[in-house]
Amino acid sequence: MRLFYAIEFEPAFRKMLWEQATCLRCQVYGGRWTCAEHLHLTLVFLGEIPHEQLDSYCEAMRQA
C-alpha cells in the first residue's frame, strides 16, 4: 500500500486552487493532473508500506 501524510483543503479553497490550476494547465506541457476532489498538500510520501503496519502509522499521525 502506498502511504503518504497530507493536508486536505476546505472545499472553497480547493475550488479556488482548481481554478488557478486550470489556467496553468494550458501553459504546461506534460505532467499528470488530478481531479479537483483529490487536491491536497502532501507533507511526506512514505512509499510502499505493508498493510499490517498501517495501524502503527495511523497512530503515529494521531499522536503528532
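Guide: I will start with Cys35, which is partly exposed in this predicted model, its relative accessible area being 32%. The structure as a whole holds zero disulfides. Cys58 is likewise partly exposed, with a relative accessible area of 29%, and its C-alpha atom is separated by 30 Å from that of Gly31, a residue 27 positions away along the chain. Gly31 itself is placed in the loop between helix H1 (11-25) and strand S2 (40-48), where it counts as exposed because its relative accessibility of 73% is over the 50% limit.

Turning to the aromatic rings, the count comes to one aromatic pair, formed by Phe9 and Phe13 with their centres 5.2 Å apart. The angle between the two planes is 65 degrees, and the arrangement is therefore edge-to-face, the limit for that class being over 60 degrees. Phe13, one member of this pair, is partly exposed, with 38% relative accessibility.

Arg25 brings a charge to two further rings: its charged end sits over the ring of Trp18, at 4.4 Å from the ring centre, and also over the ring of Trp33, where the distance to the centre is 4.9 Å.

Notes: Residues are numbered from 1 along each chain as its sequence is written. This is a predicted model: local features need pLDDT of at least 70, side-chain atom pairs count only at pLDDT 80 or more; totals for chains, interfaces and linings use all residues. Side-chain values use heavy atoms; hydrogens and water are left out. A disulfide is a pair of cysteine sulfur atoms within 2.5 Å. Buried means under 20% relative accessible area, exposed over 50%, partly exposed in between (1.4 Å probe, protein chains only). Rings of Phe, Tyr and Trp (its six-membered ring) pair if their centres lie within 6.5 Å; planes under 30 degrees apart count as stacked, over 60 as edge-to-face and the rest as tilted. A charge sits over a ring if NZ of Lys or CZ of Arg is within 6 Å of the ring centre and within 35 degrees of the ring normal. Helices (H or I, at least four residues) and strands (E, at least two) are DSSP runs, numbered from the N terminus.
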